[in-house]
Amino acid sequence: MNRPVLRRFVVFEGLDGAGTTTQLRLLGAALEKARIPHWVTCEPTSLPTGRIVRQVLKGEVDARPETLARLFSADRHEHLYGPEGIMVRLGRGELIVCDRYLFSSLAYQGVACGYDLPRALNAAFPLPELVIFFDLPASLAMDRVEARAEREIFETRPTQERVREAYEATLTEFSGQGMKILRVNASRPVAEVAAAIMEALRDFAGIEPMTGKHL
Ligand code: TMP
């Protein structure tokens with residue numbers, strides 16, 4: 001099936017602890033400094049749909065894995081098509097960088113409730129132009145997660161191992177579907193990862209690569 005590919009839409013993907021949130025913050029600051037119209041955003045969102053998802057992830061609200069899969073796709077739909085959402089902003093010429101997108105659903109919900117449901121729920125969403133996959137071993141990802149004060153439901157070693165395998169299968173499935181996939185070695189220091197991302201984004205945003213010290 002050929003899905004539309006949205007130009008100037010970039011997605012970060014990776015395990016918990018891969019560093020996507022840190023890199024999103026750094027990239028947002030760099031884009032701001034370069035005065036490039038942009039929106040850095042994430043899923044789950046801060047919309048009402050995303051807030052319910054967060055409560056489930058924290059274990060504050062109980063939901064079946066299949067319900068959570070549907071909540072993620074509902075949140076994604078709002079994120080894409082809601083007022084001031086991704087489609088509206090792309091239409092205004094903004095560069096969108098999103099921490100997690102449908103590949104997270106295929107990987108995590110694939111592990112949690114089988115692949116058929118997340119695949120069906122996400123079949124109609126458009127693809128980004130670029131996916132940056134933050135690659136690191138599940139053991140290192142979990143070392144980072146365990147240093148944090150709070151833990152979410154997918155943040156266990158066996159789950160992260162399985163999610164990593166599911167990501168591999170997902171990226172293979174989506175290669176050759178019109179979007180670029182870039183793997184970044186996320187085991188490296190923050191500044192090195194940031195420099196690799198800036199390099200990759202030069203084509204999209206017309207910004208010069210910066211070293212970590214500029215960020
Ligand atoms: P975060 O910690 O990067 O904010 O992501 C929240 C958690 O939600 C993380 O464990 C990945 C998971 N997740 C899914 O299971 N499915 C999804 O579709 C998305 C966007 C995130």
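## A walk through the pockets

The largest pocket holds about 630 Å³ of space. Keep in mind as you look around that this is a predicted model. By class, the lining splits into 10 nonpolar, 8 polar and 12 charged residues. Helices H1 (20-33), H2, H3 and H5 each bring at least two residues to this lining, and H5 gives the largest share, with 4.

Around the ligand are 13 residues, and Asp-16, Arg-54, Arg-100, Ser-105 and Gln-109 come nearest. That shell is made up of 4 nonpolar, 3 polar and 6 charged residues. Helices H2 (48-57), H3 (65-81) and H5 (102-113) each supply at least two of the shell residues, with the largest share, 4 residues, coming from H5.

Zoom in on the polar atoms next. The side chain of Asp-16 has an N or O atom 2.8 Å from an oxygen atom of the ligand, and a polar side-chain atom of Arg-76 is 2.9 Å from a ligand oxygen. Over at Gln-109, a side-chain N or O atom lies 2.7 Å from a nitrogen atom of the ligand. On its own the ligand has 480 Å² of accessible area, and the protein covers 93% of that.

Finally, there's the second largest pocket, with a volume of about 160 Å³. Its lining includes Trp-39, Cys-42, His-79 and Pro-83. Strand S2 (38-42) gives the most here, 3 residues.

Terms used: Residues numbered from 1 in each chain as written. Predicted model: local features only at pLDDT ≥ 70, side-chain atom pairs only at ≥ 80, totals over all residues. Heavy atoms only, no water. Near = heavy atom within 4 Å. Polar contact = N/O pair within 3.5 Å; in protein donor to acceptor, adjacent residues only side chain to side chain. Areas by Shrake-Rupley, 256 points an atom, 1.4 Å probe, with all protein chains shown as cover. Nonpolar A, V, L, I, M, F, W, Y, C, P; charged D, E, K, R; others polar. 1 Å grid on protein atoms, 1.4 Å probe; cavity = no way out; pocket = protein on both sides within 12 Å on 5 of 7 lines; lining within 4 Å. Points joined across faces, edges and corners; volume = space filled by probe spheres on them.
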